[in-house]
Every structure is written in structure tokens, then in C-alpha cells.
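Me: I have a new structure to read. Can we take a few of its features in turn?

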Amino acid sequence: MVSCSDDDEPAKPEDIQIELLNAINTLRVTGCQCGNDIMPPVEPVTWNDTLAQTAQDHAIDMYTYNYLSHLSRDGTPPIIRTQQAGYSGIYVGENIARGYFNVTDVMKGWEESESHCKNMMDTTYTEIGASKVAGYWVLDLGRPK
């Protein structure tokens, strides 16, 4: 676990937007290896504020109630949470993490996880939104209709 300041306040989406968007797009346009699979370069993604708000709401809930899950405490999956927030996409994926306090470290963790890495490289997704609350991270990926 990284030892850095872990204030309890949620990071404003714009605080991590540029850094995380650049890191994900660098990975996407460069290509990488996810597990045993070589992932060729793919198109970059853009930022979506609705996905970012949904990510922030979920990060706050996980932090407040001390859990780590793609399902909300009431069992709601990411696609339903994003649609309830007004996202029009029909494809939604999600990466979560706990215990990272900067973009560099969370990206390394996600790249080392085959499923999270493949989410970031998936051509289905053209938009992202993310949030960090203390050491809790949520990255929502989507594709609008």
C-alpha cells in the first residue's frame, strides 16, 4: 500500500481528470500486455462528466461504508447506476481499487490486473469518468448510444 496523505475528502473529478485521462490514453495508443494477451493500440477515450459523477458517488459510498465491490450495497451494478444518473450508454464497464493515493500507482495496479487492463484497452469503450475518495478509486467506462 502506498503511504501518502489520504484525506477523507473526495477528489474533485477535474483534479484527476487530466492526469488519469492522459495515462489511460497513453496506454491505449501505445498498446500493452494484459495478462498473456498482447493488446494492440486503440483509439483514445474522452471524459464524460456523468460517468465521473457516478464514479464519485460509488467511491464515496464504498469509503463511507468500508467495502470494495462493483455492486452497490443494495446490489445495483455499474450499468444501472450510470443509467440512473442519466448516462445514455448501453455499454458500461468499471475498474475499482483501494489503497492507492495517486494516478501512477492506481494505473500500475490496474495494468497488472488482467481484467482491469483489458477494460482500459477495450474498443467498446469510448468515454470514461473517474473519482478518488481517500484511497478508493472508481473508473467508469462507457459508450454512448
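**Reading the core, the disulfide and a helix pair**

Me: Which residues does L20 touch, leaving out residues up to four places away in sequence?

Reply: Contact means heavy atoms within 4.5 Å. By that rule L20 touches V103, M107, W110, A130 and L139, with residues up to four places away in sequence not counted. A word on the source: this is a predicted model, where local features need pLDDT of at least 70, side-chain atom pairs count only at pLDDT 80 or more, and totals for chains, interfaces and linings use all residues. Residues are numbered from 1 along each chain as its sequence is written, and side-chain values use heavy atoms, with hydrogens and water left out.

Me: How many residues are in the largest nonpolar core?

Reply: A nonpolar core is a set of buried Ala, Val, Leu, Ile, Met, Phe, Trp, Tyr and Cys residues joined through side-chain atoms within 4.5 Å. Buried means under 20% relative accessible area, exposed over 50%, partly exposed in between (1.4 Å probe, protein chains only). Here the largest such core has 26 residues. L20, I24, M107, W110, I128 and L139 have the most contacts inside it.

Me: Which elements give two or more residues to this core?

Reply: Helices (H or I, at least four residues) and strands (E, at least two) are DSSP runs, numbered from the N terminus. The contributors are α1 (13–30), β1 (32–34), α4 (103–112), α5 (114–121), β5 (127–133) and β6 (136–143). α1 gives the most, with 5 residues. Another core, of 8 residues, lies apart from it and includes A55, A59, V133 and V138.

Me: Which cysteines form a disulfide?

Reply: A disulfide is a pair of cysteine sulfur atoms within 2.5 Å. C34 and C117 form one, with their sulfur atoms 2.0 Å apart. The pair links distant parts of the chain: C34 is in strand β1 and C117 in helix α5, 83 residues apart. C34 is buried, at 0% relative accessible area. C117 is buried too, at 0%.

Me: At what angle do α4 and α5 pack?

Reply: Axes are lines fitted to C-alpha atoms, for helices over the stretch in contact, and angles run from 0 to 180 degrees between N-to-C directions. α4 and α5 pack at about 105°, with their axes 5 Å apart. That makes α4 roughly perpendicular to α5. Angles under 35 degrees count as roughly parallel, over 145 as roughly antiparallel, 65 to 115 as roughly perpendicular and the rest as oblique.
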